[in-house]
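Please look over the structure shown below before reading on. The briefing after it is arranged by topic.

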Amino acid sequence: MNFKKKALIIFYICLLFSIGFFVMEIYNNSIDKNNNKNIMEDNLPGVTGPGTNTISYGLYKDDELLENHEQKFSGKEKLTLSLSNFVGFSREYVIVALLDYIQTEIEVNGKNTRTYKFSVGENETKNIPFIIDIPEDTHEFSLLVFKDPNFVELDNESYNSLSSLEEVIALRFNLNGSNKIIPETMKAEGEKSSLPIVPLFLSSTYDELKIVTEHFNNDTLYLFSGEYEIGNEKEQAIIVFNDWEQISLNDNMVNYLETTNKMKYYPLNLTNKGIYQIVSFPEPYNVNNTNRESQRVYSSFRFYSY
């Protein structure tokens, strides 16, 4: 890899994580009483709304927007995801619900499913009512939405497409004011102080950050993770999706690691075929309204394994 190409890749990696997600969380609690739909109106002219190339979304309960990330959910909860596809083309999405980072069923249109795929037209808002059964001892409820679930960008120089698929819409909620002791289940094989520090990156080698778009199941991959701020070490929960079904890693459905201001790497052996995406949850079991980091997720570039 020549120096110019390598520098460009590093620039894109740093840019992606420094500015955060390009997805816009724009909420508006405007209810159309005639058709009982949650209408997410644009309150920032020229920034969000039809034709602005953004995605707006929110989670509702009883026609009220859940802006508070600390909720008291238990039992069968009736919720509605409202998503506005303010881009110039129709797009497919897939919903995955998690309880304590474990994929769980939701009921949509009277049917139980572990994933729910839906399409949204150009500049269209769609509302997805669903029911989820939440045990009383649950610490965190998370809702993830992935774009274009049937597509993998195989060109590792198509940075715009790669970064678009990397972005994950996430809605995380601390339940019942609970917290949990976090075990460290992933041990780093080594660290690289010379690499740019990012929260999550999947590489085909441990010597550099090399984008993975295709993988053969006998090849070892390397998960990198680091923390920008010195002395601000934090935990992450790591989960793996294969064709949008959560699978185990190191014999655990959920793995936990601690980040430092050096890029630690963890070897991974993934043997299933199909589409993969790895997601990390910073500040696991500690979602709150004042810490923006605890409300988001990070993701690897999506890739296909043969």
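What follows covers strands, a helix, salt bridges, a cavity and one serine.

This is a predicted model, in which local features need pLDDT of at least 70, side-chain atom pairs count only at pLDDT 80 or more, and totals for chains, interfaces and linings use all residues. Residues are numbered from 1 along each chain as its sequence is written, and side-chain values use heavy atoms, with hydrogens and water left out.

- Strand β7 covers residues 91-99; helices (H or I, at least four residues) and strands (E, at least two) are DSSP runs, numbered from the N terminus.
- Eight of the nine residues of β7 are buried, which leaves the strand mostly covered; buried means under 20% relative accessible area, exposed over 50%, and partly exposed in between, with a 1.4 Å probe and protein chains only.
- β7 runs antiparallel to strand β11 (residues 116-120), and five bridges join them; two strands pair if DSSP finds at least two bridges between them.
- In that pairing, Y93 is opposite F118 of β11.
- β7 is also antiparallel to β13, with seven bridges between them, and here V96 is opposite L144 of β13.
- A further antiparallel pairing, over three bridges, links β7 with strand β8 (residues 102-104), where A97 faces T104 of β8 as its opposite residue.
- β7 and β8 make a hairpin with two residues between them, and D100 in the turn has a positive phi of about 50°.
- In a regular strand the side chains alternate between the two faces of the sheet.

**Strands β19 and β21**

- Strand β21 (residues 255-259) is largely enclosed by the rest of the structure, because four of its five residues are buried.
- β21 pairs with strand β19 (residues 234-242) in the antiparallel sense, over five bridges.
- Within this pairing, A237 has Y256 of β21 as its bridge partner.

**Helix α2**

- Helix α2 spans residues 159-166 and is mostly covered, with six of its eight residues buried.
- Its buried residues are Y159, L162, S163, S164, L165 and E166.

**Salt bridges**

- The structure has nine salt bridges; a salt bridge is a side-chain nitrogen of Lys or Arg within 4 Å of a carboxyl oxygen of Asp or Glu.
- One of them joins the side chains of E140 and R172, at 2.7 Å from N to O.
- E140 is in strand β13 (residues 140-147) and R172 is in strand β14 (residues 168-175), so this pair ties together parts that are 32 residues apart in sequence.
- E140 is buried at a relative accessible area of 0%, and R172 is buried at 0% relative accessibility.
- Another salt bridge is formed by K192 and D207, whose closest N and O atoms are 3.6 Å apart.
- K192 belongs to strand β15 (residues 190-192) and D207 to the loop between β16 (201-203) and β17 (214-215), so the pair ties together parts that are 15 residues apart in sequence.
- K192 is partly exposed at 22% relative accessibility, and D207 is partly exposed at 48%.
- The side chains of E227 and K234 also meet in a salt bridge, 2.7 Å from N to O, and both E227 and K234 are buried.

**The second largest cavity**

- Rolling a probe the size of a water molecule over the atoms shows where empty space is left.
- On a 1 Å grid over the protein atoms alone, a cavity is a set of points where a 1.4 Å probe fits but cannot get out, and lining residues have an atom within 4 Å of a point.
- There are three cavities of 30 Å³ or more in the structure.
- The second largest cavity holds about 50 Å³ of space; grid points are joined across faces, edges and corners, and a volume is the space filled by probe spheres set on the points.
- Its lining consists of V198, P199, G226, E227, Y228, K234, Q236, T259, P282, E293 and Y298.
- Of these lining residues, five are nonpolar, three polar and three charged; Ala, Val, Leu, Ile, Met, Phe, Trp, Tyr, Cys and Pro count as nonpolar, Asp, Glu, Lys and Arg as charged, and the others, Gly among them, as polar.

**S299**

- S299 is part of strand β24 (residues 298-299) and is buried, at a relative accessible area of 2%.
- The side chains of S299 and Q277 make a polar contact at 2.8 Å; a polar contact is a pair of N or O atoms within 3.5 Å, where within protein one must be able to donate a hydrogen and the other to accept it, and residues adjacent in sequence count only if both atoms are side-chain atoms.
- A polar atom of the S299 side chain also lies 3.5 Å from the backbone oxygen of I278.

Note on methods: 1 Å grid on protein atoms, 1.4 Å probe; cavity = no way out; pocket = protein on both sides within 12 Å on 5 of 7 lines; lining within 4 Å.
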